[in-house]
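Biologist: Please walk me through this model, one place at a time.

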Amino acid sequence: MASLSGTVIPMPTPFDERGEVDEKVFREIIDFELRANVDGLMVAGSYGQGPVMRPDQRMRVAEVALEQVKGKLPVVVHVGAPDIQTVVLLAGHGAKIGAAALLIVPPYYYTDHNEYEIIEHYKAVARAVSLPIYIYNNKRYSGIDITPDFALRLVNEIRTIRGIKLAWGTLEESSQYITALKGHDFGVFPGTVTDTASGAEIGVRGTIAPMASVFPEICVQLWNAAVKKDRERATALQERVRKLYSVISELVKQVGRTAFKELYRIRGIQMKMYPRWPAKQLDEKERNELKTRL
C-alpha cells in the first residue's frame, strides 16, 4: 500500500453505561469524520481506549471501522499490548479484515525491557503479518522511549516499519526523527496539530491528533493549505487551531478525558460514556461556558 499521509484521525471509542462498545455512536463518529474528508482513521489507540478494552472489543472496533469506511479510507489498527501473544492475535485479526497498517506501542508496564526484547517484540509481529507497521512512541504511558537512533535500528531490522506516531510530538522532536531516518520510506506523525504548518515544511508526513477528531474540518483545511504552500491561509488556520487547542487543553486539565465526550456532544454526537472508567462530568453551567469559549 502507499504510505500514510495527511490528517489521520485517532478514533475515540464510545461506550454504553456497562462499558461495552456503543457501535451505533461509533458509526456516527466515523461518518462525521468521513464528511470532513479526512485522510485516514486509526482505532484502539490510547485515545481509542485500546489498552483498557478486552481483545474481543478491540477486534470488534476494528471490524466496525472497516465496515463503515467501506474502503474509502485507510484504517490503521493499534494492536499494542504488554504481551506479544495478544499483539500477534490482534495483528492477525487486523490483517484478516483488511486493515491498511498496524500501529504498535512498545510492550508497556515492564519498562525494564531491554533493546533486544523490544526489537524482538516488533519482529514477532512482522513475522506473523506482512502489513506495514507504525511505531507508537508514547513514553509517558509506555515508559519506553523509541528515540530517533533506536527507530533507525528498528527500521534496519524490520523492513515493514513505515513510520512513527509521536504522542504530543513537538516540532523539534519531529525534526530529529526526520533527520535520523532520512533516506528511508518513513513517515513522522506528531500527535498534536499546533505546529502543522511548520511540520509540513520540514517533511512531517501528517498528523494523528485527538483534537483533529472533534474539529476535523479545520485540521484538514490546515494540512491541505500547508502542503500546497499557501502560507497565508495556513498561518491563519494555524492560529485558529492553536486557540481551539488552548480551550481543549484547559478542559482536559479540568475533567480529564471526559472533555472529548463533551466536545463530541457539542458537535451533535451523543456519546454516553467516555472514557471507560468513572470520570468527572461537566455540569450545565460548565457546558454553557465551554460553548461560549469555543
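**A walk through the model**

Biologist: Where is the place of His121?

Modeller: His121 has its place in helix 4 (residues 115–128), where helices (H or I, at least four residues) and strands (E, at least two) are DSSP runs numbered from the N terminus. This is a predicted model, in which local features need pLDDT of at least 70, side-chain atom pairs count only at pLDDT 80 or more, and totals for chains, interfaces and linings use all residues. Residues are numbered from 1 along each chain as its sequence is written, and side-chain values use heavy atoms, with hydrogens and water left out.

Biologist: Does His121 count as buried or exposed?

Modeller: His121 counts as buried, because its relative accessibility is 6%; buried means under 20% relative accessible area, exposed means over 50%, and partly exposed is in between (1.4 Å probe, protein chains only).

Biologist: And what does His121 touch?

Modeller: If we do not count residues up to four places away in sequence, His121 touches Ala81, Asp83, Ile84, Val87 and Pro107, with contact meaning heavy atoms within 4.5 Å.

Biologist: Let's switch to rings, then: how many aromatic pairs are there?

Modeller: A search of the whole structure finds 6 aromatic pairs. Rings of Phe, Tyr and Trp (its six-membered ring) pair if their centres lie within 6.5 Å, and planes under 30 degrees apart count as stacked, over 60 as edge-to-face and the rest as tilted. One of the pairs is Phe32 with Tyr264, whose ring centres are 6.1 Å apart and whose planes are at 70 degrees, so this pair is edge-to-face.

Biologist: Where in the chain do Phe32 and Tyr264 sit?

Modeller: They link distant parts of the chain, with Phe32 in helix 1 (residues 23–35) and Tyr264 in helix 12 (residues 258–266), 232 residues apart. Both Phe32 and Tyr264 are buried.

Biologist: What about the rings of Tyr141 and Trp168?

Modeller: The centres of those rings, from Tyr141 and Trp168, are 5.8 Å apart and the planes are at 85 degrees, so that pair is edge-to-face. Because Tyr141 lies in helix 5 (residues 139–142) and Trp168 in the loop between strand 6 (161–166) and helix 7 (171–180), the pair ties together parts that are 27 residues apart in sequence. Tyr141 counts as partly exposed at 45% relative accessibility, and Trp168 counts as partly exposed at 32%.

Biologist: Which residue lies over the face of Trp168?

Modeller: That is Arg140, at 3.8 Å from the ring centre of Trp168; a charge sits over a ring if NZ of Lys or CZ of Arg is within 6 Å of the ring centre and within 35 degrees of the ring normal.

Biologist: Which residues form a cluster through ring pairs?

Modeller: Tyr47, Phe260 and Tyr274 are linked into a cluster by ring pairs. Tyr274 is also joined to Pro275 by a cis peptide bond, with omega about 5 degrees, and Pro275 has its place in the loop between helix 12 and helix 13 (284–293).

Biologist: New topic: which residues of the largest nonpolar core touch the most other members?

Modeller: Val43 and Leu154 do, out of the 85 residues in that largest core, where a nonpolar core is a set of buried Ala, Val, Leu, Ile, Met, Phe, Trp, Tyr and Cys residues joined through side-chain atoms within 4.5 Å. Helix 11 (residues 231–255) gives the most to this core, with 8 residues. A second, separate core of 13 residues includes Val8, Met42, Leu103 and Tyr134.

Biologist: How do the axes of helix 11 and helix 12 cross?

Modeller: Their axes, those of helix 11 and helix 12, come within 8 Å and cross at roughly 125 degrees. Axes are lines fitted to C-alpha atoms, for helices over the stretch in contact, and angles run from 0 to 180 degrees between N-to-C directions. That makes helix 11 oblique to helix 12, since angles under 35 degrees count as roughly parallel, over 145 as roughly antiparallel, 65 to 115 as roughly perpendicular and the rest as oblique.

Biologist: Which residues make the contact?

Modeller: From helix 11 they are Ile248, Leu251, Val252 and Val255, and from helix 12 they are Thr258, Ala259, Phe260 and Leu263.

Biologist: Last one: what is phi of Lys70?

Modeller: Phi of Lys70 is near 55 degrees, which is a positive value in a residue other than glycine. Lys70 is found in the loop between helix 2 (55–69) and strand 3 (75–78), and Lys70 counts as exposed at 60% relative accessibility.
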